[in-house]
Amino acid sequence: QTNSVALPADSDGTYSIVVVADYLGMVSEPGEKGNNTYIINPPLEVSGCPAPDLEATNLVYPSTADEGQNMALTWTVKNIGGSTAVMANGYGPSYDAAYLSLEQAFDPSQDIFLGYVNSPSNTLAPGQSYTTSASFQIPQGLSGPYYVIIDASHNRVVDERGSYINNLAISPQAVEIELLPPVDLVAGVMTIPVNAGVGQPA
């Protein structure tokens with residue numbers, strides 16, 4: 001029989017094709033299964049297809065910000081790979097995530113998650129890009145220098161064959177986050193009338 005099969009997307013190199021008859025063992029062949037396997041020669045040379053490669057760039061951020069207030073960010077994601085990036089799958093759309101970090105290195109277990117923004121397009125052809133602007137609220141009580149980090153396709157919807165290092169855009173300078181002055185309530189002047197009657201407004 002003749003059949004067509006799809007090779008895995010990340011196939012690259014020399015492979016032997018092995019055909020196994022009655023792979024599920026549905027046919028009773030007592031002691032006669034040794035010839036059920038056939039290896040096709042010569043081996044098959046497979047050239048890997050180009051993969052998409054997302055790069056986060058052009059991160060715009062403020063130099064200072066206040067605790068509990070919104071911080072506006074802008075960034076660009078470009079597909080510098082050789083094939084179209086599919087920006088959604090059965091689980092939903094690809095999204096970019098924003099973090100604050102004490103260091104210029106990404107550690108999602110330690111960094112402060114600010115929020116995420118879904119990709120504005122379903123596909124991104126080679127050379128195409130999109131630019132996103134969004135505001136994220138800084139947590140209450142946070143102060144000090146923090147670096148802004150954007151992680152493109154944070155949920156890894158786009159199959160980049162493991163090439164995710166340039167998905168990160170990290171601010172070259174830290175944002176100085178300041179505490180707001182504490183609330184200070186002051187009682188005003190109260191005027192009391194000289195005369196007042198029972199049951200009458202004063």
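Which residues does Asp151 touch, not counting residues up to four places away in sequence? Hi everyone, let me start with that one. The list is Tyr95, Asp96, Ala97, Phe106, Arg156, Asn167 and Leu168. Before I go further, please keep in mind that this is a predicted model.

Let me stay with Asp151 for a moment. Asp151 is found in strand E13, and at 1% relative accessibility it counts as buried. Its side chain meets that of Arg156 in a salt bridge, 3.4 Å from N to O. Arg156 itself is partly exposed, with a relative accessible area of 31%. The side chain of Asp151 also makes a polar contact with the side chain of His154, at 2.7 Å. And how many salt bridges does the count come to? One.

Now, the overall picture. The protein has zero helices and 15 strands. Of its 202 residues, 29% count as buried. If you take contacts between residues at least 6 apart in sequence, 72% of them join residues at least 24 apart.

In soluble globular proteins, nonpolar side chains tend to be buried together. Here the largest nonpolar core has 27 residues, and the members that touch the most other members are Met71, Leu73, Trp75 and Leu100. Which strands supply at least two residues each? They are E3 (54–60), E5, E9 (95–101), E12 (129–137), E13 (144–151) and E15 (175–178). The largest share, four residues, comes from E5.

Leaving out residues up to four places away in sequence, Leu100 touches Met71, Asp111, Ile112, Leu114, Leu142, Tyr146, Tyr147, Val148 and Ile177.

Next, the aromatics. A search of the whole structure finds four aromatic pairs. Take Trp75 and Phe136: their ring centres are 6.4 Å apart and their planes sit at 25 degrees, so this pair is stacked. Trp75 lies in strand E5 and Phe136 in strand E12, so the pair ties together parts that are 61 residues apart in sequence. Are these two buried or exposed? Both Trp75 and Phe136 are buried.

Another pair is Tyr99 with Phe106. Their ring centres are 4.9 Å apart with the planes at 70 degrees, so that pair is edge-to-face. Tyr99 is buried, with a relative accessible area of 6%, whereas Phe106 is partly exposed at 23%. Together with Phe113, Tyr99 and Phe106 form one aromatic cluster.

Val77 is buried, with a relative accessible area of 0%. Val77 and Leu54 are 23 residues apart in sequence, and their C-alpha atoms are 6.4 Å apart in space. Beyond residues up to four places away in sequence, Val77 touches Leu54, Glu55, Asp96, Leu124, Gln128, Ser129, Tyr130 and Ala152.

Thr84 and Leu124 are 40 residues apart in sequence and 5.5 Å apart in space, C-alpha to C-alpha. Thr84 is partly exposed, with a relative accessible area of 40%. Its contacts, again skipping residues up to four places away, are Pro52, Asn79, Thr123, Leu124, Ala125 and Pro126.

Where is Glu67? Its place is in the loop between strand E4 (64–66) and strand E5 (70–79). Glu67 is buried yet has no salt bridge, and the nearest side chain of opposite charge, Arg156, is 30 Å away. That is the Arg156 that meets Asp151 in a salt bridge. What lies 3.1 Å from a polar atom of the Glu67 side chain? The backbone nitrogen of Leu180 does. Among the residues that Glu67 touches, not counting residues up to four places away in sequence, are Ile138, Pro139, Gln140, Gly141 and Leu142, along with Ile177, Glu178, Leu179 and Leu180.

Asp151 is buried and meets Arg156 in a salt bridge; Glu67 is buried and has none.

Key:
Residues are numbered from 1 along each chain as its sequence is written. This is a predicted model: local features need pLDDT of at least 70, side-chain atom pairs count only at pLDDT 80 or more; totals for chains, interfaces and linings use all residues. Side-chain values use heavy atoms; hydrogens and water are left out. Buried means under 20% relative accessible area, exposed over 50%, partly exposed in between (1.4 Å probe, protein chains only). Lys and Arg count as positive and Asp and Glu as negative; His and the chain ends are not counted. A salt bridge is a side-chain nitrogen of Lys or Arg within 4 Å of a carboxyl oxygen of Asp or Glu. A polar contact is a pair of N or O atoms within 3.5 Å; within protein, one must be able to donate a hydrogen and the other to accept it, and residues adjacent in sequence count only if both atoms are side-chain atoms. Contact means heavy atoms within 4.5 Å. A nonpolar core is a set of buried Ala, Val, Leu, Ile, Met, Phe, Trp, Tyr and Cys residues joined through side-chain atoms within 4.5 Å. Rings of Phe, Tyr and Trp (its six-membered ring) pair if their centres lie within 6.5 Å; planes under 30 degrees apart count as stacked, over 60 as edge-to-face and the rest as tilted.
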